[in-house]
Amino acid sequence: VRRCASADFEAAWTRVDAILAPTVPITAPRIGENVAQIDGKEEPVRGALIRLNRPANFTGLPALSLPCGWTQNGLPIGLQIIGRAWGEEELLSIARIFEEAHPEFRRRPPNF
């Protein structure tokens with residue numbers, strides 16, 4: 001299964017330099033919150049928080065997350081950038097370009 005997933009990513013690198021995806025499908029849960037509602041269905045919070053990171057972890061590809069917006073309640077929204085194998089330098093360059101183009105996402109919530 002890992003070889004098939006890796007082959008799919010390899011095919012993608014012929015067309016793109018990076019893959020952008022949400023970091024997590026939910027906002028930060030409250031302490032002690034164990035279940036999240038996603039599209040009207042319940043899902044364990046822990047599973048939701050790691051689900052979208054699994055493809056990069058499973059295939060060993062470098063990935064990072066950076067803020068790309070804010071919810072209506074002021075919680076950060078994360079953008080995951082996945083790069084090609086051994087492409088950490090290119091991945092970090094893409095992240096830097098994004099951060100420089102969007103300094104508004106660097107703000108910190110109050111009390112930090």
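1. Let's start with Glu-43, which counts as buried because its relative accessibility is 18% (buried means under 20% relative accessible area, exposed over 50%, and partly exposed in between, with a 1.4 Å probe and protein chains only). This is a predicted model, in which local features need pLDDT of at least 70 and side-chain atom pairs count only at pLDDT 80 or more, while totals for chains, interfaces and linings use all residues. Residues are numbered from 1 along each chain as its sequence is written, and side-chain values use heavy atoms, with hydrogens and water left out.

2. Glu-43 sits in strand β3, residues 41-44 (strands are DSSP runs of E, at least two residues, and helices are runs of H or I, at least four, numbered from the N terminus). A polar atom of the Glu-43 side chain lies 3.4 Å from the backbone nitrogen of Ala-48. Apart from neighbours within four places in sequence, Glu-43 is in contact with Asn-34, Val-35, Ala-36, Ile-38, Ala-48 and Arg-51 (contact means heavy atoms within 4.5 Å).

3. Strand β3 has a partner you will want to look at next: β2 and β3 run antiparallel and are joined by four bridges (two strands pair if DSSP finds at least two bridges between them). Ile-38 stands opposite Lys-41 of β3. Two residues lie between the strands of this hairpin, and Asp-39 takes a positive phi near 50° there. As for faces, Ala-36 and Ile-38 form the covered side of β2, whereas Val-35 and Gln-37 form the uncovered one.

4. Strand β2, residues 35-38, also gives the most to the lining of the largest pocket, with three residues. The volume of that pocket is about 190 Å³. Here a pocket is an open set of points on a 1 Å grid over the protein atoms alone, with protein on both sides within 12 Å along at least five of seven lines, and lining residues have an atom within 4 Å of a point. Grid points are joined across faces, edges and corners, and the volume is the space filled by probe spheres set on the points.

5. Who lines the pocket? Among the lining residues are Ile-26, Pro-29, Arg-30, Glu-33, Val-45, Asn-73 and Leu-75. By class, the lining holds seven nonpolar, three polar and two charged residues.

6. Thr-23 deserves a look too: this residue lies in the loop between β1 (19-22) and β2, and it is buried, with a relative accessible area of 13%. Its side chain makes a polar contact of 2.7 Å with the side chain of Ser-65. A polar atom of the Thr-23 side chain also lies 3.4 Å from the backbone nitrogen of Leu-79. Leaving aside neighbours within four places in sequence, the residues in contact with Thr-23 include Leu-52, Asn-53 and Gly-78.

7. Gly-87 is found in the loop between β5 (76-82) and α4 (88-101), and is buried at a relative accessible area of 10%. Gly-87 and Val-45 are 42 residues apart in sequence and 31 Å apart in space, C-alpha to C-alpha.

8. Finally, the whole chain: four helices and five strands follow the pattern α-β-β-β-α-α-β-β-α along the sequence. The C-alpha trace spans about 40 × 35 × 20 Å along its principal axes. Buried residues make up 25% of the 112 in the chain.

Terms used:
A polar contact is a pair of N or O atoms within 3.5 Å; within protein, one must be able to donate a hydrogen and the other to accept it, and residues adjacent in sequence count only if both atoms are side-chain atoms. On a 1 Å grid over the protein atoms alone, a cavity is a set of points where a 1.4 Å probe fits but cannot get out, and a pocket is an open set with protein on both sides within 12 Å along at least five of seven lines; lining residues have an atom within 4 Å of a point. Ala, Val, Leu, Ile, Met, Phe, Trp, Tyr, Cys and Pro count as nonpolar, Asp, Glu, Lys and Arg as charged, and the others, Gly among them, as polar.
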